[in-house]
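Work through the exercises below with the model open beside you. Try each task before reading its solution.

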Amino acid sequence: MNSFERSARRAMLKLALYFVIILAAFVLQTSAGGLMTVSGTSASCLPFLVAAVAFYEGPYMGGACGVIAGFLSSVATSTSEGSEVLILSLFGALCGVLAFNYMRQIITSILVCACGYLAVRGIISGVYYRMFFSVNMGMVLLEHFRALLLSIIPGIVFANLIRITYRRFSEERQ
C-alpha cells in the first residue's frame, strides 16, 4: 500500500470518527431524562463539535459537519425544515475562516465561538417569542442562558474528543 492510499484511509477513518462523535453527542443531548438534562434544560453540544471540527480541519470540513449536525438537530426539533442545516453549516464555515485567519486553534477560541453562537440564538429566540407570542423576553433569555451554562462542560469534553482524534490521525506515522 503506497503513502497516498494510507493517507486517504487515515482521512476516511478520521471523518468516520468525527461522525460517530457527533452522533454520540446528539443521542446524549436529545435522550429524554438523559445525562445532559438538568431540571428540564438540556445541553446543546453540537455547536461545540462543529466549531472544533472547523477550527482543526478548516471551513469546508466545518461546513460539512455543520450540515450533518444541523440535519440531526432539525430531525429532533420543531424548527422549519432546513434552517438548522443552513445555520450550523454557515457557523462551521465561519469558524473555519476565523480559525485560519484570525484566531488560534485552542479550546478557548472554540468555546468563545460556540458560546457566541448559542447567545445569538438565544437573543433571536427571545425576540421571536416576544413579537409573536408576547412572552417575557427576559424569561426566554434566562432559559437560553441556563442552556448555555449547561452546555459548556459537555462541549469541552466533546471538543477535546475532536482534538484528540485530529491529533491522532493527522500526524504522520513512520
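**Exercise 1: Overall layout**

The secondary structure of the protein chain amounts to 6 helices and 2 strands. Helices (H or I, at least four residues) and strands (E, at least two) are DSSP runs, numbered from the N terminus. This is a predicted model, in which local features need pLDDT of at least 70, side-chain atom pairs count only at pLDDT 80 or more, and totals for chains, interfaces and linings use all residues. Residues are numbered from 1 along each chain as its sequence is written, and side-chain values use heavy atoms, with hydrogens and water left out.

Task: Which pattern does the protein chain follow along the sequence?

Solution: 
- The pattern reads α-β-β-α-α-α-α-α.
- Take the contacts (heavy atoms within 4.5 Å) between residues at least 6 apart in sequence: 70% of them join residues at least 24 apart.
- The accessible surface is about 9900 Å², with 68% belonging to carbon and sulfur atoms. Accessible areas come from the Shrake-Rupley method with a 1.4 Å probe; for residues, only the protein chains shown count as cover.

**Exercise 2: A helix pair**

Task: At what angle do helix α3 and helix α4 pack?

Solution: 
- Helix α3 covers residues 59-76 and helix α4 covers residues 83-101.
- They pack at about 155°, with axes 7 Å apart. Axes are lines fitted to C-alpha atoms, for helices over the stretch in contact, and angles run from 0 to 180 degrees between N-to-C directions.
- Therefore α3 is roughly antiparallel (over 145 degrees) to α4.
- Among the α3 residues that meet α4 are Gly 62, Gly 66 and Gly 70. The α4 side includes Gly 92, Gly 96 and Phe 100.
- The residues of this contact split into 9 nonpolar, 9 polar and 1 charged. Ala, Val, Leu, Ile, Met, Phe, Trp, Tyr, Cys and Pro count as nonpolar, Asp, Glu, Lys and Arg as charged, and the others, Gly among them, as polar.

**Exercise 3: Two single residues**

Task: Is Phe 158 buried or exposed?

Solution: 
- Phe 158 is found in helix α6, residues 137-170.
- Its relative accessibility is 9%, so Phe 158 counts as buried.
- Phe 158 and Ala 25 lie 133 residues apart in sequence, but 7.5 Å apart in space, C-alpha to C-alpha.

Task: Where is Ser 134 found?

Solution: 
- Ser 134 is found in the loop between α5 (107-133) and α6.
- Ser 134 has a positive phi of about 55°, although it is not a glycine.
- With a relative accessible area of 59%, Ser 134 is exposed (over 50%).

Definitions and conventions
Buried < 20%, exposed > 50% of the residue type's maximum accessible area, 1.4 Å probe, protein only. Parallel < 35°, antiparallel > 145°, perpendicular 65-115°, else oblique.
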